[in-house]
Amino acid sequence: LVPPRSGAMGDDSIFVLREFVIADRLDDIVEDGKDLVFKDKDGSEKMRVPMDKKTVYKNQSGQMIPILAAVLLVRNSTSHVAYLRACAQRGAWCHFAASKERQGLLDFLHGAAETCGGIPA
């Protein structure tokens, strides 16, 4: 396995996901068995993590969300129903208490905000 490498903001996969989203490289995150593979521009692996690996982001219930749930949130950001369906199909459950909480994480991942409530300072 390729261990996580630092993103611009830290070592957690949520920060690497943020870099990929901001760079419009979501297609470079692929599912491979039970792993998510973040690919460099040359196609090599930048990072490989288990889909169920918890990120540092904690929802309002205090649960750390898995990286797959964050990826699915970005890929299905226009429809909460589509997001829930995608999570159910892949076994990646993540409860967001309110649309404001989802939007805060999306704003962070898209670079519209420097942080959000669930990211530790």
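**View 1. Strands S1 and S2 run antiparallel and are joined by four bridges.** Helices (H or I, at least four residues) and strands (E, at least two) are DSSP runs numbered from the N terminus, and two strands pair if DSSP finds at least two bridges between them. Aspartate 32 stands opposite aspartate 35 in S2. This is a predicted model, in which local features need pLDDT of at least 70 and side-chain atom pairs count only at pLDDT 80 or more, while totals for chains, interfaces and linings use all residues. Residues are numbered from 1 along each chain as its sequence is written, and side-chain values use heavy atoms, with hydrogens and water left out.

**View 2. An open sheet of three strands has the order S1-S2-S3, with antiparallel pairing.** S1 and S3 are the edge strands, each pairing on one side only.

**View 3. Helix H1 (residues 13-22) begins with serine 13 and is mostly covered, with eight of its ten residues buried.** Buried means under 20% relative accessible area, exposed over 50% and partly exposed in between (1.4 Å probe, protein chains only). The buried residues, among them Ile14, Phe15 and Phe20, pack against strands S1, S2, S3 and S4 and against helices H2 and H4, where contact means heavy atoms within 4.5 Å.

**View 4. Serine 13 counts as buried because its relative accessibility is 4%.** Leaving aside residues up to four places away in sequence, serine 13 touches Met47, Val49, Thr55 and Ile67.

**View 5. Aspartate 24, which follows H1, has a positive phi, near 55°.**
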